[in-house]
Each structure stands twice: as structure tokens, then as C-alpha cells.
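Okay, everyone, thanks for coming.

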Amino acid sequence: MKRIITLFNLIRKDVLVLLFALINRRTPKGFRVAILAAILYLVSPVDIMPDYIPFAGLVDDMVLVPSLLAAVRRLLPPEVVETSEYKAGRYGRYLPIFGALATVLILLWTFIVIYGIYKIIFS
């Protein structure tokens, strides 16, 4: 988890720009799929090179994800990139608040699932 946070801090602006490009109407559908795949690969526990392989597992995340994000960003139409960068700069200061809110929601959801499983097993 710590490596994901470190990696995300390094590419935070690119990810934020791509998220705004994802919801932009002028973004072509093929790019939306590529952006979504790149972001899902970033947060997914499944990697091409497993993390238990020394060095290769970390290089996979540190090289593949940023290069994939940079390639998708470079291929986007210029007007989409410009609009997305403006929105990322405008809303980027609220990112810690969104992160805290997402953490609370994930913890709440986890608690609800564990409680439901507990009730099913011990009722």
C-alpha cells in the first residue's frame, strides 16, 4: 500500500488531469478506455510482474504505469488536455479532502461487509 501512495504522489497531477479528461465529452471513447485501464492497473493488486519477485515487481509499477499515463496524455486532443489541466489546477487543492472521504467510505463499507458476514455465520 505504501508503494501505491508513493507512486500516486509522484504522478498525482497526471492522474487528476486524466480523470478530468475521462469525464470530458470531447475525449474519444478509445482514450476513455485507455485512461480507465491505466488507472485501474494503478490501483489493482494484480500486476504483470508480481511484487514478491525482488526488484522486478517494483520496477513494473514504477515504469509501466507512469509511461502508460504519459502516453495516453500525450495522445489526447490538445483542447481536452488544456481543459483538464485547468480543472486539475482548480480542484487539485481539494484532493486531500476527497482522499479522506474515500478512506472513510471504504472503511465504512468494509465494516458493513464484515458485520453482514458475521451475522450470516453466527445467526
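Before we go in, one term: a nonpolar core is a set of buried Ala, Val, Leu, Ile, Met, Phe, Trp, Tyr and Cys residues joined through side-chain atoms within 4.5 Å. And keep in mind that this is a predicted model.

So, which residues touch the most other members of the largest nonpolar core? That core has 16 residues, and the ones to look for are Ile 11, Leu 18, Ile 35, Val 65, Leu 69 and Leu 76. Two or more residues each come from H2, H3, helix H4, which is 56-75, and helix H5, which is 78-91. The top contributor is H3, giving five residues.

Let's zoom in on Leu 18. Leaving out residues up to four places away in sequence, Leu 18 touches Ile 35, Leu 69, Val 72, Arg 73 and Leu 76. There's also another core, apart from the largest one, with five residues, including Leu 16, Phe 20, Ala 88 and Leu 95.

Now the helix pairs. Take helix H2, residues 12-22, and helix H3, residues 29-43: their axes come within 10 Å and cross at roughly 140°. That makes H2 oblique to H3, and the crossing is left-handed. On the H2 side, the contact uses Val 15, Leu 18, Leu 19, Ala 21 and Leu 22, while H3 brings Arg 32, Ile 35, Leu 36, Ile 39 and Leu 42. Sort those by class and you get nine nonpolar, no polar and one charged.

Next, H3 with H4. Here the axes also come within 10 Å, and they cross at roughly 160°. Angles over 145 degrees count as roughly antiparallel, and so H3 and H4 are roughly antiparallel to each other. H3 passes H4 in a left-handed crossing. From H3 we have Phe 31, Ala 34, Ile 35, Ala 38, Tyr 41 and Leu 42, and they meet Asp 60, Asp 61, Leu 64, Val 65, Leu 68, Leu 69, Val 72 and Leu 75 in H4. That contact has 12 nonpolar residues, no polar ones and two charged.

One last stop: Ser 84, over in helix H5. Is Ser 84 buried or exposed? Its relative accessibility is 1%, so Ser 84 counts as buried. As for its neighbours, again skipping residues up to four places away in sequence, Ser 84 touches Val 17, Phe 20, Ala 21 and Asn 24. You've met Phe 20 already, as one of the residues in that other core.

How values were computed:
Residues are numbered from 1 along each chain as its sequence is written. This is a predicted model: local features need pLDDT of at least 70, side-chain atom pairs count only at pLDDT 80 or more; totals for chains, interfaces and linings use all residues. Side-chain values use heavy atoms; hydrogens and water are left out. Axes are lines fitted to C-alpha atoms, for helices over the stretch in contact, and angles run from 0 to 180 degrees between N-to-C directions. Helices (H or I, at least four residues) and strands (E, at least two) are DSSP runs, numbered from the N terminus. Angles under 35 degrees count as roughly parallel, over 145 as roughly antiparallel, 65 to 115 as roughly perpendicular and the rest as oblique. A crossing is left-handed if the near helix is turned anticlockwise from the far one by less than a right angle, and right-handed if clockwise. Contact means heavy atoms within 4.5 Å. Ala, Val, Leu, Ile, Met, Phe, Trp, Tyr, Cys and Pro count as nonpolar, Asp, Glu, Lys and Arg as charged, and the others, Gly among them, as polar. Buried means under 20% relative accessible area, exposed over 50%, partly exposed in between (1.4 Å probe, protein chains only).
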